[in-house]
Amino acid sequence: MVKICCIGAGYVGGPTMAVIALKCPAIEVVVVDISQPRIAGWNSERLPIYEPGLDDVVRQCRGRNLFFSTEVHRHVGDADIVFVSVNTPTKTCGLGAGKAADLTYWESAARMIADVSRSDKIVVEKSTVPVKTAEAIEKILVHNSRGVRYQILSNPEFLAEGTAVKDLFAPDRVLIGGRETPEGRAAVAKLRDVYAQWVPPDRIITTNLWSAELSKLAANAFLAQRISSVNAISALCESTGADVTEVAHSVGRDARIGPRFLSASVGFGGSCFQKDILNLVYICECYGLPEVAAYWREVIRINDHQKSRFVNRVVSSMFNTVAGKKIAVLGFAFKKDTGDTRETPAIDVCNGLLGDKAVISIYDPQVTGEQVSRDLAMNKFDWDHPRHLQPLSATDLAKQVAVAPDAYEAARDAHAVCILTEWDEFRTLDYKRMFDAMHKPAFIFDGRNVVDPAKLREIGFVVYAIGKPLDDWLKDMPAVA
Ligand code: NAI
């Protein structure tokens, strides 16, 4: 029996290994983590992450050939293939702060693998890492090897949160990069055999190590670029009376462009896009390519601009002040079908509104009040967020922020509703009921284009929707910067 151990039981390690265990009953898969609560969650009835379909997969194979454990050393030592799926955040201090990937967790995982290994191992980079990381990892392993032989593979993960199980069941592609030596090719073949249990052969791409590492950063940069491109166009739509949904539809019908990932919004979030682009920017700078770095940096700048633009629109529409006004925030997760709030645009929008002294009431079906408080209290960095959207003190936060049990409670006695996540349930709310319970004029600011502006205007709302023609009220308000 092949034994797989995955270091890191997070959003990637957990679902990925659960699907491998489900599809490969002859392989034993152990997911290990230094976080005891995380492992306890994976071993409980309430998994530590929300992901549609994941409960079912875990239920089918946990205890059979899928295990979650904090006994990191033992399971790494026993494994033939070790996946490393630890977090790789942006460095917050020192050389490359604000851009470079922080490989502390990765390096400590690599040193630990070297310490506990007594048999040959294939070490698989699952985390997103800077191009050339495999070389550094190889050096750590080889210099501490005590006769154990290692092959490093790059197998970046392309799943998207919210659709992780679906993506893992039927991936667009699985990418495996390895050394172009006989041993390297054998290691690639071994990992390919695992995926070949359920992924069609033409969807398994093998490349050299550096292509695989760089492809992941490039793919995320391209995806984020599409969002920033359509968001840049959304600003122009609002100024000209064009409708961004119509423009995106027309543009996306060009087969060379394609229809997906062209929805305008309040901005992209999530743990990956910003960090991976910053990482790409840093790598470009390190290789003496400042123009290329500046090109990709602009994708983040437009994203920050989109969040600031949204906040400015809310404030300027409401007579240039939201001080003391209650604003309902519907949705806090960075997108629907996940409870993940890492880098969610809601943090910046809420901080912007709080900075203008609004009182906000937040409802999200998957995000707890504790998580909201943690996120809004977090001290971010200048590079990370638009400068004027910085957090308040804990005392002011407690006074100005509440978490509501549902959308109606959030909107009761509110002056405005901001929709910040595209949860399906927000499409079918009884907006008339909300309108009746709100102060007038009642505003809706739809940051995800989930409502029909015409219908809400009929109810009596003043409606702003990203990239849609402005109603007369908003046209009369001062232009937003
Ligand atoms: P995460 O933060 O949810 O999980 C990482 C886990 O690794 C944590 O539970 C942490 O306790 C554990 N860990 C850290 N150091 C460890 C060590 N030395 N030994 C044992 N466990 C350790 O992170 P997530 O979201 O799963 O991301 C992991 C990697 O995958 C990152 O590089 C990310 O960029 C990449 N990725 C993330 C995607 C996503 O949608 N979240 C998608 C594709 C790639």
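Over the face of which residue does R433 lie? R433 lies over the face of Y408, at 3.8 Å from the ring centre. A charge counts as sitting over a ring if NZ of Lys or CZ of Arg is within 6 Å of the ring centre and within 35 degrees of the ring normal. K132 also has its charged end over a ring, that of W210, 4.1 Å from the centre.

The model is predicted; local features need pLDDT of at least 70, side-chain atom pairs count only at pLDDT 80 or more, and totals for chains, interfaces and linings use all residues. Residues are numbered from 1 along each chain as its sequence is written, and side-chain values use heavy atoms, with hydrogens and water left out.

Aromatic pairs number 13. Rings of Phe, Tyr and Trp (its six-membered ring) pair if their centres lie within 6.5 Å; planes under 30 degrees apart are stacked, over 60 edge-to-face, and the rest tilted. F435 and F461 pair edge-to-face, 5.1 Å centre to centre, with 70 degrees between the planes. Both residues are buried (under 20% relative accessible area; exposed is over 50%, partly exposed in between; 1.4 Å probe, protein chains only). F443 and W473 are also edge-to-face, at 5.6 Å and 80 degrees. F443 is buried, because its relative accessibility is 2%. W473, at 27%, is partly exposed.

The largest nonpolar core has 65 residues. Such a core is a set of buried Ala, Val, Leu, Ile, Met, Phe, Trp, Tyr and Cys residues joined through side-chain atoms within 4.5 Å. Among those with the most contacts inside this core are F310 and Y431.
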